[in-house]
Amino acid sequence: IQEQKWDADTVIKDKDSAIIGQIVLPLAQKLIPYTQKYATEKQLAEIKVKLTAAGEPYNLKPIEFYNFRFSMAIVGFVVGLAGGMFFFDDSSMIPVAALGCLAFGFFMGPQMFLNGIMKDRRARFSSELPNYLNLLSVCLKSGLDFIQSLKVINNYVDGLLPKETNLVVMGVAQGETLSEAMKGLNDRCK
């Protein structure tokens, strides 16, 4: 029996079995008409930067992540209410548990979710980078240009970094300058 490795990418790819994909995301999407007028362009731009650095989990749009807080608050409230009823004999503690989970879901939960994904991606990039750079130097020394070198490496190496550098290759093929494509890589690898 092969052991399943659970990391951020596993949960994100298997969103149908995750509570986020089944409950929180659909709720966040349904809230868009009600919350869109309250989200400022600055808030959405800051969220976009973080989502890009996190690899755009669930293909979330900035307004959806903005609503993610409200969805997590609702789910947190329900979980806190149920947990409070189950764990506390004193009924006066049930609202405290529910409000605590609501506050956690609204203020901390979504940011912790995104920060965890970003941290995982940075660690993966850091672990893959030395080998990737070594292969890149070999390809460049053999006479290939930069884009050709990326293509060769991406055909033979698996991992997050080859996936991201493949986006550089595709961007250049679609007319982006190399500096624009590399800036996009930098934004995705923060």
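Helices here are DSSP runs of H or I, at least four residues in length, numbered from the N terminus. The model shown is predicted.

View 1. Asn67 is placed in helix H5. The relative accessibility of Asn67 is 0%, and the residue therefore counts as buried, the cut-off being under 20% relative accessible area. With neighbours within four places in sequence left aside, the residues in contact with Asn67 are Ala28, Leu31, Ile32 and Thr35.

**View 2. The aromatic pair Tyr58 and Phe113.** The count of aromatic pairs comes to one. In this pair the rings of Tyr58 and Phe113 are stacked, with 6.4 Å centre to centre and 25 degrees between the planes. The pair links distant parts of the chain, as its members are 55 residues apart. Tyr58 belongs to the loop between helix H4 (41-53) and helix H5 (62-87), whereas Phe113 lies in helix H6 (residues 93-141). Both Tyr58 and Phe113 are buried.

**View 3. A nonpolar surface patch that includes Ile74.** The patch on the surface is formed by Ile74, Phe77, Val78 and Leu81. Together these residues have about 310 Å² of accessible area. Ile74 is located in helix H5. The relative accessible area of Ile74 is 41%, so this residue is classed as partly exposed, a class that falls between the limits of 20% for buried and 50% for exposed.

Notes:
Residues are numbered from 1 along each chain as its sequence is written. This is a predicted model: local features need pLDDT of at least 70, side-chain atom pairs count only at pLDDT 80 or more; totals for chains, interfaces and linings use all residues. Side-chain values use heavy atoms; hydrogens and water are left out. Rings of Phe, Tyr and Trp (its six-membered ring) pair if their centres lie within 6.5 Å; planes under 30 degrees apart count as stacked, over 60 as edge-to-face and the rest as tilted. Helices (H or I, at least four residues) and strands (E, at least two) are DSSP runs, numbered from the N terminus. Buried means under 20% relative accessible area, exposed over 50%, partly exposed in between (1.4 Å probe, protein chains only). Patches are made of residues with over 30% relative accessible area and no salt bridge: like charges are joined within 9 Å, nonpolar side chains (Val, Leu, Ile, Met, Phe, Trp, Tyr) within 5 Å. Accessible areas come from the Shrake-Rupley method with a 1.4 Å probe; for residues, only the protein chains shown count as cover. A salt bridge is a side-chain nitrogen of Lys or Arg within 4 Å of a carboxyl oxygen of Asp or Glu. Contact means heavy atoms within 4.5 Å.
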